[in-house]
Amino acid sequence: GTSGWRGKLDGDFNIDNVRRCAQGLADYYRNHIKKGSILVGYDPRKGNLEFVKEIASVLAGSNIKVRIIVEEPTPTSVLAYLANSDKEISGVVNLTASHNPYTDDGFKFSPYYGGAAPKEVTDLISQYANEAEEIGRAHV
């Protein structure tokens, strides 16, 4: 889907696959971005705060500076604004399935400008995620 991957909550969208996506993003970051921090936010779907913490753990385990919004769910437009206005932010992970049913969720990546990631970028993140043999984690 647009900017990333969507799946069914408690189905293919689960903690293991979210960790794998985070590792794919970490590998993409190390090979292509190489600077700045990743901002992680979420919508109010079931389990998203726990997913945010796991994503932060995987990214931090790859020595990537992570900023997370844990106080409350954050609208996509706010995350895009933050990415575009803060030059330290190199990208945003947004846990949302947008307008899709509450039974779905999504792992969406937006580059530093806050817009949708091009297909070439999401294809690379997917490739890295599928190739990941080990998923690093840090305590955050």
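## Residue classes and the model

In what follows, Ala, Val, Leu, Ile, Met, Phe, Trp, Tyr, Cys and Pro count as nonpolar, Asp, Glu, Lys and Arg as charged, and the others, Gly among them, as polar. The structure described here is a predicted model.

## The second largest pocket

By these classes, the lining of the second largest pocket holds eight nonpolar, two polar and four charged residues. This pocket has a volume of about 230 Å³, and of the 14 residues that line it, Ile33, Lys35, Ile89, Ser90 and Tyr112 lie nearest its centre. Helix 1, strand 4 and strand 5 are the elements that each give two or more residues to this lining.

## The largest pocket

Two or more residues of the lining come from each of strand 1 (4-8), helix 1, strand 5 and helix 4, and helix 4 gives the most, with six residues. The lining is made up of six nonpolar, seven polar and two charged residues.

In soluble globular proteins, nonpolar side chains tend to be buried together. Here the largest nonpolar core has 27 residues, of which Leu25, Ile38, Ile55, Leu59, Leu95, Phe107 and Phe109 touch the most other members. Among the elements that give two or more residues to this core are strand 2 (37-42), helix 2 (48-61) and strand 5 (104-111), while the largest share, eight residues, comes from helix 1.

Beyond its neighbours within four places in sequence, Leu25 is in contact with Ile38, Leu59, Val93, Phe107, Phe109 and Ile125.

Methods. Residues numbered from 1 in each chain as written. Predicted model: local features only at pLDDT ≥ 70, side-chain atom pairs only at ≥ 80, totals over all residues. Heavy atoms only, no water. Core = buried A, V, L, I, M, F, W, Y, C linked by side-chain atoms within 4.5 Å. Buried < 20%, exposed > 50% of the residue type's maximum accessible area, 1.4 Å probe, protein only. Helix = DSSP H or I, 4+ residues; strand = E, 2+ residues; numbered from the N terminus. Contact = heavy atoms within 4.5 Å. 1 Å grid on protein atoms, 1.4 Å probe; cavity = no way out; pocket = protein on both sides within 12 Å on 5 of 7 lines; lining within 4 Å. Points joined across faces, edges and corners; volume = space filled by probe spheres on them.
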